[in-house]
Amino acid sequence: MDYDFAILDFHDESEEATARRRGWIGAVLRGFREDRPEDALVDRWVGHYRTDEVTVRGAWLPEDEFGAGPMPVATYASLDKTLNAGRELLPLRMVTDVTTSAAHRRRGLLRRMIEDDLADAAAQGVPMAALTASETTIYGRWGFGAATLRTGVEVDTSTGFSLRAFADTGRVELVEPADAWPHVKAVFDTFHARQRGSVEWPVQYEDMHSAAFDFESGGANRKLRGAVHLDAAGAVDGFVLFKPGEKQTVKVEEMVALTPEAQLAFWSFLGHMDRVDKVTFNLFHPEDPLVWALTDMNRVKVTEVEEFLWLRVLDVPRCLAARPWAADGTVVLEVDDAQGHASGRYEVATAEGVAAVSRTDRPVDVRLTAETLASLFLGEVEVRRMHHAGRLEATEEAVARLAAMADLSDPPYSLTGF
Ligand SMILES: CC(C)(COP(=O)(O)OP(=O)(O)OC[C@H]1O[C@@H](n2cnc3c(N)ncnc32)[C@H](O)[C@@H]1OP(=O)(O)O)[C@@H](O)C(=O)NCCC(=O)NCCS
């Protein structure tokens with residue numbers, strides 16, 4: 001079929017553009033098995049996409065075809081924000097809203113749009129792309145690799161929950177989410193500037209975290225609660241957003257603490273709520289001290305570990321220079337990339353934590369795919385483990401050399417779903 005591929009102008013107020021915009025949003029919701037949108041949701045969505053200058057792609061049926069209309073048969077969107085790569089905030093092409101109508105699947109619609117978008121990002125000098133996936137088997141073929149993991153925990157806060165003594169000279173205060181928002185944003189910005197793996201929030205996070213709008217209910221979020229932590233000087237150095245779950249449960253929606261004291265203060269606050277037996281959080285920080293601060297460490301149960309942030313390296317020298325390196329050394333990588341963006345042989349020479357990367361003809365030390373390169377990028381997985389998984393073609397000596405250079409002592413972490 002001769003699909004009509006187009007990029008929508010979300011600023012165009014003509015009747016046709018408005019109908020296509022609404023049809024496009026309807027198609028995304030249909031793809032994710034959500035309800036048909038109401039006007040309020042469409043207005044919010046359009047406002048967000050205008051502010052973030054989102055590029056909105058779709059495929060429509062040709063005009064004379066049965067079923068043709070303003071609703072597309074495939075959707076795809078992307079926007080440019082930043083990724084904390086460890087040494088700098090790297091421009092990032094964020095991919096979202098990927099759906100194909102059940103009646104038009106496996107005909108290459110996603111392939112066409114994602115390949116166009118990656119080529120566009122590369123042409124514009126955007127060095128990295130990212131997404132969060134609903135299925136893990138789709139995106140490797142386009143050079144995306146799982147780059148951070150997400151850990152879900154359940155904390156037993158029934159009678160007896162107690163933390164060992166810890167120094168907290170500050171305090172926790174409940175604040176209405178709308179009032180907390182400026183603090184939430186400021187804490188996130190500080191966190192984003194220093195946490196490797198962090199992805200900048202798209203603008204809809206303001207609506208979500210201030211409780212102004214809940215995309216599930218289509219109105220104000222009346223369940224969300226917020227608290228901040230103040231340090232000894234009264235400055236906000238953390239926030240937690242949560243809501244009551246079923247029975248005596250509290251579900252933490254988002255939590256960022258800029259100090260270990262603030263982190264433990266939040267757990268103490270959450271753990272000592274009356275008539276709450278369980279606290280759940282699906283983005284537990286890998287360095288959260290909770291387990292080792294509890295008098296009973298078995299009160300924390302890991303309920304899930306899943307891939308979370310997927311990355312796609314488009315510009316190898318630029319990306320590798322933006323991450324930290326643990327040791328001085330030299331290694332020659334050969335990257336195999338079906339779309340070609342990252343293909344080639346590169347000499348990576350590191351000195352004092354910084355890599356100089358150039359194309360080379362020297363003999364290859366390590367062969368890997370673009371997907372594997374993306375998974376190694378933030379240091380979520382060790383080089384040796386990737387080799388054991390059969391994902392690197394290299395001698396033991398080359399693996400050891402690359403591991404010494406590339407493995408990092410502190411873990412990456414991302415809390416931005418999109
Ligand atoms: C995921 C989805 C968008 C794929 O769209 P599509 O237009 O059918 O994909 P394409 O025809 O372009 O497929 C291209 C390739 O990806 C593969 N692929 C597509 N969807 C896949 C899936 N769910 N699992 C595994 N492989 C998949 C195809 O087999 C094809 O492989 P090949 O070219 O190597 O043979 C579609 O299945 C969908 O709408 N799913 C529901 C919503 C969703 O999960 N979106 C993803 C959000 S992250």
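A: In this predicted model, strand S14 sends Leu-309, Leu-311 and Val-313 one way and Trp-310 and Arg-312 the other way, and all of them are buried. In a regular strand the side chains alternate between the two faces of the sheet.

Two strands pair with S14. Strand S5 (residues 128-132) runs antiparallel to S14 and is joined to it over 5 bridges. Within that pairing, Leu-131 has Trp-310 as its bridge partner. Strand S6 (residues 145-146) is also antiparallel to S14, over 2 bridges. Here Gly-145 is bridged to Leu-311.

Next comes a helix. H4 spans residues 177-194, which makes 18 residues. From its first C-alpha to its last it reaches 24 Å, close to the 26 Å expected at 1.5 Å a residue. H4 has a kink of about 30 degrees, centred on His-183. Its buried residues are Pro-177, Ala-180, Trp-181, Val-184, Val-187, Phe-188 and His-192. An α-helix has 3.6 residues a turn, so residues three or four places apart point the same way. The cover over the buried residues of H4 includes strands S3 (74-84), S8 (171-175), S9 (225-230), S10 (236-244) and S11 (249-257), as well as helix H5 (204-209).

Now the ligand. There are 19 residues around it, and Thr-100, Arg-105, Leu-109, Leu-110 and Arg-111 come nearest. Sorted by class, this shell has 7 nonpolar, 6 polar and 6 charged residues. Strand S4 (89-100) and helix H3 (109-123) each supply at least two residues of the shell.

Last, the backbone angles. Most residues other than glycine have a negative phi, and most peptide bonds are trans. Ala-211 is not a glycine, yet its phi is positive, about 70 degrees. Ala-211 sits in the loop between H5 and S9. It counts as buried because it has 21 C-beta neighbours inside 10 Å, and the cut-off for buried is 20 or more. Arg-275 also has a positive phi, near 60 degrees, and is a residue other than glycine. Its place is the loop between helix H6 (260-271) and strand S12 (278-281). Arg-275 has 6 C-beta neighbours inside 10 Å, so it counts as exposed.

Conventions:
Residues are numbered from 1 along each chain as its sequence is written. This is a predicted model: local features need pLDDT of at least 70, side-chain atom pairs count only at pLDDT 80 or more; totals for chains, interfaces and linings use all residues. A residue is near a molecule or strand if its C-beta atom, placed from the backbone, lies within 6 Å of it. Helices (H or I, at least four residues) and strands (E, at least two) are DSSP runs, numbered from the N terminus. Ala, Val, Leu, Ile, Met, Phe, Trp, Tyr, Cys and Pro count as nonpolar, Asp, Glu, Lys and Arg as charged, and the others, Gly among them, as polar. The expected span of a helix is 1.5 Å times one less than its number of residues. The bend at a residue is the angle between axes fitted to the seven residues ending there and the seven starting there. A residue is buried if 20 or more other C-beta atoms lie within 10 Å of its own, exposed if 12 or fewer, and partly exposed in between; C-beta atoms are placed from the backbone. Two residues are in contact if their C-beta atoms, placed from the backbone, lie within 7 Å. Two strands pair if DSSP finds at least two bridges between them.
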